[in-house]
Amino acid sequence: MKIRKILAVGVAGATALALSACTGGGGAGAAGGGGPIDTSGELTGTIKFQTWSLKNEKFTPYFEALIDEFEKEHPEVTVEWLDQPGEGYQDKILSQANSNTLPDVLNRPPDIAFPLVKAGKLLDLAEADPGLESQYNEGGWTAYSSYSGTEGTYGLPWYLGSDASWWNLAALEPYGITKDNLPATTDEWLDTAKEVATASNGKVQLVSSMPGVDTFISAGIPVMDEDGTFTFNTPEAEAIMQKYADAYAAGAMPAEALSAVEGDLEPAQAEAMDVMFDSLSKAKAAPFQWTGDMSTYFNQQIALAISGEMSAKEALDKIVDYANENRIDK
């Protein structure tokens with residue numbers, strides 16, 4: 001197994017409401033002026049904890065056990081777990097903010113957090129507890145520390161996603177591919193995929209998904225400039241896109257990969273995840289300005305480019321224009 005790229009492609013976090021009693025003020029600037037919070041007193045009362053569509057058979061046992069453990073450690077505290085449906089979650093949070101009914105702790109990705117940061121609704125966790133940063137992955141921490149025009153950190157990452165390539169060495173052996181000469185970069189991987197697909201008449205396919213903005217980040221291509229403008233419609237990104245298109249044309253990528261959804265893991269894949277986790281300390285997060293709507297538009301245009309219905313340059317130009325027109329910090 002060989003790691004293709006390491007990136008915090010799915011960063012979600014929990015954040016605390018900026019309470020004036022704790023921060024000395026209600027705005028983002030005021031929260032930054034309060035200094036560390038004194039936690040020496042006894043914790044009492046009710047904590048409202050909100051998640052994003054996580055009450056299900058997979059996550060409910062985890063959170064119930066976590067809440068039970070917290071309440072045993074703090075017997076004078078009751079945790080009220082609120083779970084909101086996935087549809088319209090951002091609108092729900094903004095409605096709560098406008099009506100001053102935000103929960104004490106809420107689950108949200110960096111882009112959804114931005115309006116709350118701008119409105120001064122979230123606690124600067126870096127200042128509230130200066131020792132927190134050392135406990136977290138750098139890429140995940142940065143995802144909640146890079147808001148335009150605002151200093152501080154406004155969320156704690158609780159999971160990171162990454163990307164890995166799985167290799168069927170038995171299927172690749174007839175084409176001269178072994179664990180000792182597996183491709184180590186995106187360019188090498190796409191070249192190998194094209195060569196193997198051509199030699200096998202499309203029977204052996206090494207590309208199973210479309211690229212994302214994380215593909216450019218992991219390749220070292222800047223996706224934004226210092227002013228926060230998206231800029232990844234560059235010759236370097238275009239070259240990567242063209243390699244995907246060439247691999248697709250050679251039969252290295254099934255047609256369903258243009259729309260299919262990175263299934264359950266097989267045992268061998270699960271074992272290989274250990275290799276990936278060892279590299280998460282190098283993870284980088286996508287910019288908070290990159291939203292779900294942008295990802296949807298990105299995927300639509302990239303699918304057209306890979307299938308040959310438009311050029312890589314045209315797709316990248318359209319994506320960058322759309323992203324800059326819809327930036328959440330403008």
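This is a predicted model: local features need pLDDT of at least 70, side-chain atom pairs count only at pLDDT 80 or more; totals for chains, interfaces and linings use all residues.

Trainee: Great. Which residues of helix α4 are buried?

Mentor: Helix α4 runs over residues 89-98, and its buried residues are Tyr89, Ile93, Gln96 and Ala97.

Trainee: And where do they sit around the axis?

Mentor: They cover an arc of only 100° around the axis, so they lie on the same side of α4.

Trainee: What do the buried residues of α4 pack against?

Mentor: Their partners are the strands β3 (45-52), β4 (77-84) and β5 (105-108), along with helix α5 (110-118).

Trainee: OK, and which exposed residues are on the face turned away from the buried side?

Mentor: Look for Asp91 and Asn98 there; both are exposed.

Trainee: Nice. New topic: how do α9 and α11 cross?

Mentor: Helix α9 covers residues 186-199 and helix α11 covers 235-249; their axes come within 9 Å and cross at roughly 20°. Angles under 35 degrees count as roughly parallel, so α9 is roughly parallel to α11.

Trainee: Is that crossing left-handed or right-handed?

Mentor: The crossing of α9 and α11 is left-handed.

Trainee: Which residues make the contact?

Mentor: From α9 you have Asp187, Trp189, Leu190, Asp191 and Lys194, and from α11 Ile240, Lys243, Tyr244, Asp246 and Ala247. Sorted by class, the contact of α9 with α11 has 5 nonpolar and 5 charged residues, with no polar ones.

Trainee: Got it. Let's switch to the loop. Where is Phe288?

Mentor: Phe288 is in the loop between α12 and α13.

Trainee: Does Phe288 count as buried or exposed, and why?

Mentor: Buried means under 20% relative accessible area. Phe288 has 4% relative accessibility, so Phe288 counts as buried.

Trainee: What does Phe288 touch?

Mentor: Leaving out residues up to four places away in sequence, Phe288 touches Pro110, Asp111, Phe114, Ser146, Tyr147, Ser148, Ile328 and Asp329. Take Ile328: Phe288 and Ile328 are 40 residues apart along the chain, and their C-alpha atoms are separated by 8.8 Å.

Trainee: And where is Thr291?

Mentor: Thr291 is in the loop between α12 (267-277) and α13 (292-306). Thr291 has 11% relative accessibility, so Thr291 counts as buried.

Trainee: Which residues does Thr291 touch?

Mentor: Not counting residues up to four places away in sequence, Thr291 touches Asp111 and Ile328.

Definitions and conventions:
Residues are numbered from 1 along each chain as its sequence is written. Side-chain values use heavy atoms; hydrogens and water are left out. Buried means under 20% relative accessible area, exposed over 50%, partly exposed in between (1.4 Å probe, protein chains only). Helices (H or I, at least four residues) and strands (E, at least two) are DSSP runs, numbered from the N terminus. The arc is that of the directions from the helix axis to the C-beta atoms. Contact means heavy atoms within 4.5 Å. Axes are lines fitted to C-alpha atoms, for helices over the stretch in contact, and angles run from 0 to 180 degrees between N-to-C directions. Angles under 35 degrees count as roughly parallel, over 145 as roughly antiparallel, 65 to 115 as roughly perpendicular and the rest as oblique. A crossing is left-handed if the near helix is turned anticlockwise from the far one by less than a right angle, and right-handed if clockwise. Ala, Val, Leu, Ile, Met, Phe, Trp, Tyr, Cys and Pro count as nonpolar, Asp, Glu, Lys and Arg as charged, and the others, Gly among them, as polar.
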